[in-house]
Amino acid sequence: MPAAPDSRILIVDADPDFLGWAAAHLKAPGVTVATAEKADEALSSYQKNRADIVLAEVRLPGISGIELLKRIRMNDPNAMVILFSGVASTSNVIEAMRLGAYDVLGKEKLPYELRTIVESALRSNESRRLTRAQVSEVPTETIQETIIGRSSAMQDVFKMIGRVSRSDAPVMVTGESGCGKELVAGAIHKFSPRTLKEFVAINITSIPDNLMESEIFGHEKGSFTGAVTQRIGRFEQCDGGTLFLDEIGDMPLAVQSKLLRVLQEGEFSRVGGNQTLKCDVRVLAATNKDLEAEVAKGTFREDLFYRLNVVRIHIPPLRERREDVRLLAEFFLHRQSTRRRGPSMRFTDDALALLEAYDWPGNVRELENTIQRACALSNSDVLLPSDIPLGSVGASRHANPATTVTRMRDALTTLIHVAQTSPDIELMPWMEKEIVRLAYRHFEENAPKTAKFLGLAVTDVQARLDLGGVKKATKKAVAVEKSAKE
Ligand SMILES: Nc1ncnc2c1ncn2[C@@H]1O[C@H](COP(=O)(O)OP(=O)(O)OP(=O)(O)O)[C@@H](O)[C@H]1O
Ligand SMILES: [Mg+2]
């Protein structure tokens with residue numbers, strides 16, 4: 001591997017099989033690889049001998065990979081840490097990026113991505129060292145897992161949220177209606193040092209044009225007919241916090257000029273007032289319009305566009321990330337069951353396949369509403385395809401034959417294929433474990449089903465799932481299987 005001379009890599013994972021594989025995979029002239037099975041071992045190793053890159057699994061016994069990242073970077077803000085995990089959650093990915101991780105990777109991607117990512121990390125080590133900012137403390141326990149997504153597009157969105165939450169830069173969130181723009185803006189605020197102050201969202205289209213300036217910037221008593229008292233605008237209301245301007249493309253030009261002044265000079269005055277006021281507000285904006293086209297038409301100021309568009313986060317429509325549908329559907333269903341305080345509800349496989357095949361023109365909002373309606377109309381705790389009222393756009397026209405199970409099988413086949421056909425990659429025991437874990441999760445921790453799907457004996461599945469709690473579950477499954485045979 002071409003690397004800077006004398007690079008040192010520290011790999012942390014509880015699985016010795018994985019450590020052996022990764023160390024061999026990354027070994028090259030001039031590269032020293034050290035390994036540790038626990039975070040505290042890794043910390044003392046790092047203190048003795050700095051590493052150019054630390055690669056750590058998120059799930060570690062004792063101190064987690066996220067905590068390890070935090071401790072390493074607290075002592076050495078330039079440390080380059082890459083986390084990986086078989087089961088990375090949204091808040092883990094956002095939190096890791098916020099704490100300055102170089103990247104967060106799915107473990108199943110390591111066979112074909114590890115070397116490239118380590119090479120590029122080593123290359124950019126120097127320039128990052130100069131530009132990386134210190135991380136501030138945010139109470140993370142208040143963060144709830146409410147943005148769902150396992151697609152790589154959403155993982156990229158989470159990484160961006162983590163990165164931008166550290167700064168005060170304006171962010172433009174784009175995407176079709178209902179795809180989660182406001183949710184992303186809220187997450188940027190939640191993960192930022194402003195989290196204890198207000199997050200104020202204004203939907204520009206819901207305010208009449210003649211009242212918008214006063215709504216945002218406030219007014220003095222008597223400044224216009226009806227202004228009987230002085231009023232503080234939203235800007236002042238969220239001093240120290242974050243202002244989210246939704247549907248910014250519909251903002252009248254007069255208000256756009258005033259917004260530009262605040263962004264450039266940090267100053268404004270209330271309508272009818274001549275006092276110059278200052279506020280510390282971070283501005284986030286969203287639109288589902290093509291703002292470049294609005295600029296070309298002259299309805300949106302070009303200078304304001306560039307000010308707001310310092311960072312752009314684009315959320316792809318749901319139909320372009322179908323692997324998120326199942327996860328979102330189950331999340332909304334679970335939320336509905338909890339709200340109703342009834343028994344927990346489930347979808348049949350066919351119902352999930354129907355949801356995954358549909359195109360969702362209204363994106364996540366439509367999916368959420370559909371599941372809410374399905375729950376309200378169904379009189380059973382198991383939802384069938386016939387219980388799911390899809391929108392006026394007929395589902396059959398959009399049907400996609402790939403069901404979850406076939407897609408899952410494809411993913412596994414690809415992984416096995418890559419492992420078997422790449423000359424320098426062997427199907428190592430750790431990969432087998434990841435495959436079994438993936439399938440086990442897919443079959444809702446049902447070991448006999450997992451075994452049948454993978455063509456393994458239940459005992460083989462059990463052997464590869466060497467997690468404490470899992471063992472118990474598989475033991476039970478084996479007992480059930482035995483008694484069924486008898
Ligand atoms: N990734 C996600 N995980 C969980 N819920 C989501 C996700 N994306 C969107 N939602 C939910 O879908 C609904 C619509 O999201 P949101 O209001 O953020 O969309 P939007 O892009 O701002 O839409 P619009 O353009 O119509 O304003 C909300 O109830 C939100 O909680
Ligand atoms: Mg919105």
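In the predicted model, helix α18 (residues 447-454) has as its buried residues Ala447, Thr450, Ala451 and Leu454; a residue is termed buried if 20 or more other C-beta atoms lie within 10 Å of its own, exposed if 12 or fewer, and partly exposed in between, with C-beta atoms placed from the backbone. Helices (H or I, at least four residues) and strands (E, at least two) are DSSP runs, numbered from the N terminus. An α-helix has 3.6 residues a turn, so residues three or four places apart point the same way. Gly455, with a positive phi near 70 degrees, follows α18.

This is a predicted model, in which local features need pLDDT of at least 70 and side-chain atom pairs count only at pLDDT 80 or more, while totals for chains, interfaces and linings use all residues. Residues are numbered from 1 along each chain as its sequence is written, and chains are lettered from A and ligands numbered from 1 in the order in which they are written.

The largest nonpolar core comprises 109 residues, and Val12, Val54 and Val81 have the most contacts inside it. Such a core is a set of buried Ala, Val, Leu, Ile, Met, Phe, Trp, Tyr and Cys residues joined through C-beta atoms within 7 Å. Helix α6 (residues 152-164) contributes the most to this core, with six residues. Another core, of nine residues, lies apart from it and includes Ala439, Tyr440, Ala447 and Val461. Beyond its neighbours within four places in sequence, Val81 contacts Val54, Ala56, Leu69, Ile72, Arg73, Ala101 and Tyr102, contact being defined by C-beta atoms, placed from the backbone, within 7 Å.

Around ligand 1 there are 18 residues, of which Ser177, Gly180, Lys181, Glu182 and Val364 come nearest; a residue is near if its C-beta atom, placed from the backbone, lies within 6 Å of the molecule. Two or more residues of this shell are given by each of α7 (181-190) and α15 (363-377).

Positive phi values were also found in residues other than glycine. Glu247 has a phi of about 55 degrees and is placed in the loop between β10 (242-246) and α10 (253-265). With 18 C-beta neighbours inside 10 Å, Glu247 is partly exposed. Trp360, whose phi is near 50 degrees, lies in the loop between α14 (349-357) and α15. Trp360 is buried, having 26 other C-beta atoms within 10 Å.

Notes
Contact = placed C-beta atoms within 7 Å.
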